[in-house]
Amino acid sequence: MVQGTSSHAGKTTVVAALCRWFANAGYRVAPFKAQNMSNNAAVTADGREVGRAQAMQAVAARVPVTVDMNPVLLKPQSDRTSQVVVLGEPWLTADAVDYYARKQHLWPIVTDALDRLRATCDVVIVEGAGSPAEINLAQYDIVNMRVARHAGAPVLLVGDIERGGVFASLYGTHALLQPEERALIRAFVINKFRGDPSLLDPGFAMLEERTGVPTIGVLPWLDLTDVPEEDALEWRAAEDRAGADTRAAADAEGVTRPGTAAGALLDIAVMRLPRVANLDEFQPLINEPGVRVRFVGRAAEFGAPDLVIVPGTKSTLGDLAWLRAQELDVCILAHAAAQRPVLGICGGLQMLGERIVDAEGVEQRGEAAGLGLLPVETHFEAKKVTRRVKARAVGSHGLWALDAGPSAIDDVTADAGRTAPFDAYEIHMGRTTPVATAEALPPLFRLTSAAGESDDGVCSANGLVVGTYLHGALEHDALRRALLTRLADRKGVVLPHPRAPVSIDDALDRLATNVCGNLDMDAILSMLDLTPPTR
């Protein structure tokens with residue numbers, strides 16, 4: 001089990017790296033996290049919902065993701081409430097007090113899921129949540145030390161040295177645990193270190209003297225550009241870094257880094273909604289050379305972007321009200337009136353329509369006028385749509401139009417790639433339909449799923465305002481490049497040649513090498529009573 005001294009200590013990354021290392025060594029391995037809190041979600045093959053981090057870790061383990069890998073998923077809907085997803089299906093919406101009162105009901109669901117994985121795998125790598133030393137919440141634990149005790153799992157405790165105070169964090173976490181819990185912590189790991197690791201040696205000796213626990217690895221600060229981030233907090237941190245040390249480094253080296261202002265030819269503004277969902281799908285945009293992606297939360301920050309994106313959200317009506325309170329609705333409407341492109345994804349599609357109705361309080365009871373940029377309206381329904389699909393672009397106009405002419409596509413190969421099917425998924429509450437008076441417009445995408453064929457997407461008559469329920473189009477290299485090239489054509493600029501795409505498999509192999517190469521893997525194998533694999 002991998003636990004951390006805090007949130008964002010690096011648990012998810014270490015679990016993914018270990019999953020890939022064990023998979024490459026020939027073990028049957030799977031990830032597990034009893035309870036995750038994130039609005040970044042993925043859809044399993046059977047149409048159920050799990051945390052996106054566990055889906056990425058399953059890829060690292062080279063196995064299909066299942067709900068047993070993340071039996072409880074909390075999706076925040078407001079400052080006080082979350083939707084509770086159990087074994088991939090919405091169970092209830094609860095505030096913290098109500099949820100904690102129900103945790104005993106969830107414990108056997110958690111243990112059954114973990115036991116099913118253990119029965120079919122050689123190794124299960126378990127991830128904790130936050131810190132195990134939240135002593136005010138220890139009685140409600142279903143994700144940290146209670147899981148370790150149930151499985152008899154040796155625990156690696158990870159500390160983030162970038163935040164400072166790492167030795168105090170490791171020692172303090174160890175000290176606050178119960179004796180039987182401390183006995184399960186078998187090793188410390190320090191993460192995100194920059195510099196000469198030998199400078200830490202005196203601290204390791206003193207820490208082991210006080211706790212009896214050795215430190216078995218110092219992980220360097222890693223560029224995780226090609227590994228999906230876990231949640232929106234990581235994007236905020238990435239954006240802050242891009243605005244400071246990363247841009248300074250780019251200026252010093254005379255080069256342009258992806259996602260920074262220096263040398264950017266295209267400016268894309270993503271609305272920073274309070275309950276934003278699936279923000280990780282914008283990572284490929286951030287990685288594009290010549291493209292700056294900004295997360296905008298105030299009208300004063302809006303500027304004059306080449307594309308505005310209204311992303312998905314776990315609270316469509318609430319975030320639409322927030323958008324208006326920030327006067328960002330005025331900015332978006334003026335942007336569209338100036339014949340500049342707007343893209344709405346999932347909840348963003350719903351906001352761009354004419355009306356949103358949640359009569360039953362599925363997310364938030366009430367109704368509101370949308371921004372009126374697309375001729376559709378949305379009615380919320382109790383049943384959530386979660387499905388994986390194969391999609392292909394079919395629209396004759398819009399940001400992915402197939403009639404754009406040769407300048408909109410880099411070459412014939414890219415054109416063929418743009419029309420080829422790609423993997424995508426839907427995950428939303430609500431049904432969106434054309435308003436009665438709307439002129440019929442062709443769809444953007446043709447979908448194939450277990451339920452058969454269907455269409456997705458809508459755009460304005462001028463093709464510049466586009467909405468889709470699909471997550472995945474921006475992660476498809478050819479479609480993303482077609483979109484950016486069309487934006488560049490409109491602006492009269494030529495984007496730099498894209499960097500060679502890095503597959504998720506290659507990125508995870510590199511992650512495993514960088515992480516596990518700095519861990520004492522023989523010590524970890526010994527903890528698990530496993531012999532080193534034959535190399």
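**Reading a predicted model, step by step**

User: Hi! Where does Val72 sit in this model?

Analyst: Welcome! In this predicted model, Val72 belongs to strand 6, which covers residues 72–76.

User: Why is Val72 called buried?

Analyst: The relative accessible area of Val72 is 0%. Buried means under 20%, so Val72 counts as buried.

User: Which residues is Val72 in contact with, leaving aside its neighbours within four places in sequence?

Analyst: Among them are Ala34, Val84, Tyr99 and Leu106. Each has heavy atoms within 4.5 Å of Val72, because that is what contact means here.

User: What makes Cys346 and Cys459 buried or exposed?

Analyst: Again, set the values against the 20% cut-off. Cys346 has 6% relative accessibility, so Cys346 is buried. Cys459 has 0%, so Cys459 is buried too.

User: How many disulfides does a search of the whole structure find?

Analyst: The search finds 0 disulfides.

User: What makes strand 11 mostly covered?

Analyst: In strand 11 (residues 185–193), 8 of its 9 residues are buried.

User: How do you know that strand 11 pairs with strand 10 and strand 12?

Analyst: Pairing takes at least two bridges. Strand 10 (residues 155–160) is joined to strand 11 by 6 bridges, so these two pair, and they run parallel. Strand 11 and strand 12 (residues 215–220) share 4 bridges, so they pair as well, also running parallel. In this second pair, Phe193 stands opposite Pro220. From strand 11 the chain passes through helix 8 (residues 201–211) to strand 12, in a right-handed β-α-β crossover.

Notes:
Residues are numbered from 1 along each chain as its sequence is written. This is a predicted model: local features need pLDDT of at least 70, side-chain atom pairs count only at pLDDT 80 or more; totals for chains, interfaces and linings use all residues. Side-chain values use heavy atoms; hydrogens and water are left out. A disulfide is a pair of cysteine sulfur atoms within 2.5 Å. Buried means under 20% relative accessible area, exposed over 50%, partly exposed in between (1.4 Å probe, protein chains only). A crossover is right-handed if, with the strands pointing away from the viewer, the path from the first strand over the helix to the second runs clockwise.
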